[in-house]
Amino acid sequence: MLNIVLFGPPGAGKGTQSEKLIGKYNLVHLSTGDLFRKHLGEGTDLGKLAQSYMDDGNLVPDEVVIGMVRDKISKTIDPKGFIFDGFPRTVHQAQSLDDMLSDFDTSVSGMVSLEVPDEELKIRLLERGKTSGRADDQNEEKIDTRVRVYKAETLPVAKFYDSKNKLNAVIGVGGIDEIFNNICVVVDGL
Ligand code: AMP
């Protein structure tokens, strides 16, 4: 299986690039943010639990996220592989992902880390907020919290994969297709 962790700060373009990657490599897109938004929309208990964290730009507790991902992986029939988008966001989640995948006799093939400067992120998120309907994209304070949480809790995940020689940095600024081609060069080498 080809299992890719698509990593990067909020607004790096993970969702856009994931959509292109699933088409080319026939993978399953597993976005924890999308899964939470689906639960929110359906008014499930999980959605209600996640809402206050999401509204404030904070992380949903690890055990909740990990349970949801495990459930999704176990319900996917005969996947060629996964693109993990927005997960793992803590080192604990990364360790749990290793455990989960080894239960299914597979592992993370590599991480692709999209590198985008902070100033660019804020511009992109505010622009996305005009059409996405996402409350967490429409408020500068919430965006700042998300970037701060990313640096404090999520950046160490890159070190975790680096120590396993699985970290691949790709510049996330430029045309969407140009960035996609650079990601494909990495993925083709995994
Ligand atoms: P995203 O769509 O990836 O930007 O995620 C939106 C929000 O969902 C985040 O700001 C978090 O509140 C929550 N979330 C998504 N993925 C995770 C995760 N792996 N761990 C904790 N919280 C998450």
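This report looks at one helix, its surroundings and the nonpolar cores of the structure.

## About the model

The model is predicted: local features need pLDDT of at least 70, side-chain atom pairs count only at pLDDT 80 or more, and totals for chains, interfaces and linings use all residues. Residues are numbered from 1 along each chain as its sequence is written, and side-chain values use heavy atoms, without hydrogens and water.

Helix H2 spans residues 32-42, and its buried residues are Thr 32, Gly 33, Leu 35 and Phe 36. Seen down the helix axis, these residues fall within an arc of 160 degrees, so they line one face of H2. The arc is taken from the directions from the helix axis to the C-beta atoms. Buried means under 20% relative accessible area, exposed means over 50%, and partly exposed lies in between (1.4 Å probe, protein chains only). Helices (H or I, at least four residues) and strands (E, at least two) are DSSP runs, numbered from the N terminus.

The face turned away from the buried side carries the exposed residues Lys 38, Gly 41 and Glu 42. Just after H2, Gly 43 takes a positive phi of about 65 degrees.

## What covers H2

The cover over the buried residues of H2 includes strand S2 (28-31), helix H3 (45-56), helix H4 (62-75) and strand S3 (82-85). Contact means heavy atoms within 4.5 Å.

Take Thr 32, found in H2. Thr 32 has a relative accessible area of 3%, so it counts as buried. Leaving out residues up to four places away in sequence, Thr 32 touches Val 65, Met 68, Val 69, Asp 85, Gly 86, Phe 87 and Arg 89.

## The nonpolar cores

In soluble globular proteins, nonpolar side chains tend to be buried together. A nonpolar core is a set of buried Ala, Val, Leu, Ile, Met, Phe, Trp, Tyr and Cys residues joined through side-chain atoms within 4.5 Å. The largest one has 28 residues. Val 5, Phe 36, Val 69, Ile 73, Phe 84, Leu 97 and Tyr 161 touch the most other members. Strand S1 (4-7), H2, H3, H4, S3, helix H5 (91-103) and helix H7 (140-162) each supply at least two residues. H4 gives the largest share, six residues.
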